Amino acid sequence: TMAAGSLQLCLHFLTACPASSASGRLRLAVLPEDRLQMKWRESEGSSLGYLVQVKPRAGDPEQEVMLTTKTPKATVGGLSPSKGYTLQIFELTGSGNILLARREFVIEDLKSNSVSRSSQRPLGATLEPTPSLVGSPDLEPPGALAPSQDPPTLGRPQFRCTPPMPVDMIFLVDGSWSIGHSHFQQVKDFLASVIEPFEIGPGKVQVGLTQYSGAPQTEWDLNAFGTKEEVLNAVHNLHYRGGNTFTGLALTHVLEQNLKPRAGLRPEAAKLVILVTDGKSQDDAHAAGHVLKGLGVDIFAVGVKNADETELRLLASQPLDITVHNVQDFPQLSTLSGLLSRLICQKVQGRSPRGSPATPALDPPPAPTRLVLTQVTSSSVLLSWSPAPQPPLKYLIVWRPSKGGTPREVVVEGPTSSAQLHNLTSSTEYLVSVFPLYKAGVGEGLQGLATTAPLPPPQALTLAAVTPKTVRLTWQPSAEATQYLVRWSPASPKGEEERREVRVGRPEVLLDGLAPGRDYDVWVQSLRGAEISEAQGIRARTPALTTPRHLSFSDVSHDSARVSWEGTARPVRLFRVSYISGKGGHSGQTEVPGNATSAILGPLSSSTTYMVRVTCLYPGGSSSTLTSRLTTRKVPSPSQLSVTELPGDEVRLEWAAAAVSGVLVYQITWMPLGEGKAREISVPGNLGTAILPGLGRHSEYEITILAYYRDGARSDPVSLRYTPGSRSPPSNLALASESPDSLRVSWTPPSSHVLHYRLSYALASGSGPEKSISIPGPGSHVTIPDLLAATKYRVLVSAIYGAGESVAVSATGRTAACPALHLDGSLPGFDLMAAFGLVEKEYASIRGVAMEPSAFGPTRTFTLFKDSQLTRRASDIHLATLPPEHTVVFLLRLLPETPREAFALWQVASEDFQPILGVLLDAGRKSLTYFNRDPRATLQEVTFDLPEVRRIFFGSFHKVHVAVGRARVRLYVDCRKVAERPIGEAGGLPAAGFVMLGRLAKARGPRSSSASFQLQVLQLVCNDSWAEEDRCCELPASDPLRVGREGEDACVWAGLPRPPTQGRIKGGAVGAAMCLLSPHLPCLQGEPGPPGQMGPEGPGGQQGSPGSQGRTIQGPVVGTASPRPVPPPPPLAFPPSPSSPSRGFQGTAGARGSNGERGPPGAVGPTGLPGPKGERGEKGEPQSLATIYQLVGQACESAIQTHVLKLHACTHESTRPPMPILEAPRALGTSNKARLPGEGGHGGPHPGDRGTGGGVFSSPGAVCSEWSGHG
């Protein structure tokens, strides 16, 4: 309720209404003291009450009067009889206010109309009774009125109130800064006027007072004063404090401090709190007010000026028509004091009514209790309540923001005791009311306050990517957000001036347009409509744009220079390079790509200092600048002057350009030494030659040239002296191929002094560029490297003299397609053993390779173990020059552990390891396959699986030739032609790729499996005829009888001299074999062998039969026997003995012995393991001859070892004189000092003993007889 000016208002609940013929119309009646009574028809439906508005007409200074009521009746007092008013009555609903009636009136007009109607009333009619005030609030307690007094009205003087029960009254006074000192005095006058009607004293009314602002302060407690005078005096002396407005804290202070027995609280007393404030609370006051009311404390709320009426209504007790008051300004408090005193008195009287009994009231409808608000989110809240004892038909739920706003409502069925409110605004306090709806009307409702949770802010802000100009930010999405507000600004005092913001719909954002190397504060808030969450912040620092480092200069000339710098780790769009001269007269700028690390500056001025700056240009900006100084050089002079005589008196002057560019003109001057006139010409700067006329043949001239540049600079002059005469060129120019990619050029120097030679070369076809090199004068040959293999070149050589250059001589030559296998260059080809490091000096560094010496000369056997993975790049071997006609030559032995699956003994593969050219061996099929690619890159194969081929797989050394022609492939095994197959045209070999040994055919990739085998020779011969010329001298057991045949060339057997051609055989192991097989040929002494290593001490042998006096010859290089049994030799080659040294001991001449008796047969050896079934072989030689070949090999090696042991015993037995090793024959079992294998012998060799040649053995007859005599 509100009273303004002289208007006073009270609300009456009328129980009777005058009869009305116009039912539903607004009816007005003027009561005594010009009070206006109004009635209207009650609305149907769920009405929350009515609002009555009495407003003075326009232009009247009086303020309007408003009141609310729950019944369709009201009375308004204090109106001016002669003034005009407008009356409006609204129905209050959950969805808003509905205008029910509107009428304008003047009190005097209403009176006159009433009199007129009364005078016109017919006879017998009765007057309409004056509405009684039954049920209206008493303006003075009945116990205090005299019987003769009339009922008091609002306009009457102050009354006196004597409550029927003790009253504890607490005044809670706002003392915040918004009130001010002058207004605070009016508040004190108001407090005194309210207190004045009450009787103060023990057992009556007690008054306490608390002033609040930021912190509440108890001015005095309830029991502080016992008389009214003391209380009023305390009010008069109340001091204004000032501060904030924390009403909630103040109410809590009243509950915890003032309403306590120690402060004078009486349990039987009625408890009242009168709140006086001028503003809205800065904290939550509802909770404390709710607690106070729950404890039976009646709260009156008085608002002034800017007070929040909604908050006052939430804090005050029911009925709000009595307990809530609001005035427009502080002076109007004086008009409210009397009414408030009466209302307080009425409230106390209502607790214990006295006087005449009131009209009995109808029982109110039952109401629900215990409203509970739970599950509060930012947009919803769950309501629950205890149902009324009598279930209503329905419940009406009305809610609106407590600070004002449009109410919303929902109706739920009566049995329901809970409801969920949705689509609420976050961080908003809602006033929620629950009303039970019965047929008889609306019951008393429940009210509660609920503050929705804040809108959840985004979580886990993450800097996903940061660049010098951008920041990409992500976060975990908020389930209730529809958008996000992103704000960012530099983290600096003035950063707010640069604040920017953007709204996004996804939980990520890209902030661009940032400054490099700067800190930014970024805040992100969730949005839902107009709602906004708290901000979540993160600080991001953009990296500085990296500056180039370490500026340096190179290639500095007179007009240009190269500036270099270190690149940056961050991608750069461009580098900007600028330069300016020291005096500012010359400047320039260039830009280079971001991956560059240098730039050429130019054109520059000579002998000038420049300031050079380099800046990184990034996609979003530029970095700081790196600066350095550069001084250009002086302009260069022309160089390499030469003079060439021309017919007549002219010469041609040539020079090297002074500079690549920038020369404007050359000035040339020449004059004879001594007497004569100088002459001068100028030629353009882009030329390098000039014709000088008028030079006599019998004078010496000085020729001078200098260059003028575009920037005005002039070079130093360069001179030469020219004497006419002849300049002889070199002679006898010759070209020779040293390798597939080089040519050796040689010539005969001329007799005159030559400064240097100019050599130019180019492809003879003229398709390529010409290149030149300079050779110092004393030289007469040079090698040109890095040429194309098998290509013809044209070479020119001229002599450079001090006076000029001679004419050039030329020659043509071709680089070799293949290197030389022999030192004399007679056999072109590729030694793949050397290419793979399978030589004595290199093999130890190769994984998976072992070397064994051979018993027949210096040839070495190399064992390639499983997975040795021997691979070389084709470009390192130059196999691209291999001609289409070629021969693959290899000498190998397959081992028991060699896999039975196919493997490439040798092959060329592409860079992706696809086969191109090679030879396959398949131990399972006993076949050999040659393959290559035709010009269409299709693989073609030729396979040989004849019986001669199968011999390769029987565990012996064999030499194989695969001769490839243009249309056919021929196969040779052990220098015998086996077969011939057709093949298509071969394609060329690529320069790139790989060459591999032993790779399994099914293997893939660079690290694949390879087979194990032994290898002595692997060559590629650059023709297809070598197989007919090769004699297989590495295989002494293949056909020993061919040696020494008439007219045949000599073999080079492992480095030994050729066999004899006139019926004699030399010594050595091979010679011994020949002696045994050909006793009709005399044996000669062999060449002394190299010193051998000391062998281990051998066992002593039994004494043999002495032989007849034999012929002394020099033996081969033989070591002591291996302690393990000697296996039978393979059919085609003797296997090397790893334990045999390369040199023996110097032997003494022995006497020729006679043939010994045949010894008894030896014991039968143990039976070996059965071997795999072999394939059917070719028809062999006669049995006797094949057996002899096998036995001779074994016997010769055993005999040679035996003789060496005997020689060793003789040479180291100092007490015995020299004597023959073999003595006269004697009976078996007789004693003899000569030892045979198996018998303990004398001590082994001593470290100091060295031999100078091979061992000693007798003639073939003696040797064979001794061998046969010992079985």
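Mentor: Start with burial. A residue is buried when its relative accessible area is under 20%. Keep in mind that this is a predicted model. In helix H4, the buried residues are Thr 247, Gly 248, Ala 250, Leu 251, His 253, Val 254 and Asn 258.

Trainee: What covers the buried residues of H4?

Mentor: Strands and helices both take part. The cover includes strand S8 (167-174), strand S9 (205-212), strand S10 (217-220) and S11. Helices H5 and H6 belong to it as well.

Trainee: How do the axes of H4 and H5 cross, and at what angle?

Mentor: H4 spans residues 247-258 and H5 spans residues 286-294. Their axes come within 8 Å and cross at roughly 30°. Angles under 35 degrees count as roughly parallel. H4 is therefore roughly parallel to H5. The crossing of H4 and H5 is left-handed.

Trainee: Which residues of H4 and H5 make the contact?

Mentor: H4 contributes Gly 248, Leu 251, Thr 252 and Leu 255. H5 answers with Ala 288, Gly 289, Val 291 and Leu 292. By class, the contact of H4 with H5 has five nonpolar, three polar and no charged residues.

Trainee: What is the angle between H2 and H3?

Mentor: About 165°, with the axes of H2 (residues 181-195) and H3 (residues 228-236) 9 Å apart. Angles over 145 degrees count as roughly antiparallel. H2 and H3 are therefore roughly antiparallel to each other. H2 passes H3 in a right-handed crossing.

Trainee: Which residues of H2 and H3 meet?

Mentor: From H2, take Lys 188, Leu 191, Ala 192 and Ile 195. From H3, take Val 231, Leu 232, Val 235 and His 236. The contact of H2 with H3 divides into six nonpolar residues, one polar and one charged.

Trainee: Now a single residue. Is Thr 277 buried or exposed?

Mentor: Apply the cut-off again. Thr 277 has 2% relative accessibility, so Thr 277 counts as buried. Thr 277 lies in strand S11 (residues 270-277), and S11 is part of the cover over the buried residues of H4.

Trainee: What does the side chain of Thr 277 make a polar contact with?

Mentor: The partner is the side chain of Tyr 212, at 3.4 Å. Beyond four places in sequence, Thr 277 also touches residues including Asp 174, Thr 245, Val 302 and Leu 312.

Trainee: How far apart along the chain can close residues be? Take Leu 527 and Thr 482.

Mentor: These two are 45 residues apart along the chain, and their C-alpha atoms are separated by 5.9 Å. Leu 527 is in strand S27 (residues 519-528). At 3% relative accessibility, Leu 527 counts as buried. Contacts of Leu 527 outside its sequence neighbours include Leu 455, Ala 481, Thr 482, Arg 503 and Ile 532.

Trainee: Where are the cis peptide bonds? Take Pro 319 and Pro 603.

Mentor: Read omega. The bond from Gln 318 to Pro 319 is cis, with omega near -5°. Pro 319 sits in the loop between helix H6 (309-315) and helix H7 (320-323). The bond from Gly 602 to Pro 603 is cis too, with omega near 0°. Pro 603 is in the loop between strand S34 (598-601) and strand S35 (609-618).

Trainee: What is phi for Lys 926 and for Cys 975?

Mentor: Phi of Lys 926 is near 55°, a positive value in a residue other than glycine. Lys 926 lies in the loop between strand S58 (915-922) and strand S59 (927-933). Lys 926 counts as buried, at 10% relative accessibility. For Cys 975, phi is near 65°, again positive in a non-glycine residue. Its loop runs between strand S62 (968-973) and strand S63 (976-982).

Trainee: And the whole protein: how many helices and strands?

Mentor: There are 15 helices and 69 strands. Buried residues make up 46% of the 1271 residues. Among contacts between residues at least 6 apart in sequence, 66% join residues at least 24 apart.

How values were computed. Residues numbered from 1 in each chain as written. Predicted model: local features only at pLDDT ≥ 70, side-chain atom pairs only at ≥ 80, totals over all residues. Heavy atoms only, no water. Axes fitted to C-alpha atoms, helices over the stretch in contact; angles between N-to-C directions. Helix = DSSP H or I, 4+ residues; strand = E, 2+ residues; numbered from the N terminus. Parallel < 35°, antiparallel > 145°, perpendicular 65-115°, else oblique. Left-handed = near helix turned anticlockwise from the far one by under 90°. Contact = heavy atoms within 4.5 Å. Nonpolar A, V, L, I, M, F, W, Y, C, P; charged D, E, K, R; others polar. Buried < 20%, exposed > 50% of the residue type's maximum accessible area, 1.4 Å probe, protein only. Polar contact = N/O pair within 3.5 Å; in protein donor to acceptor, adjacent residues only side chain to side chain.
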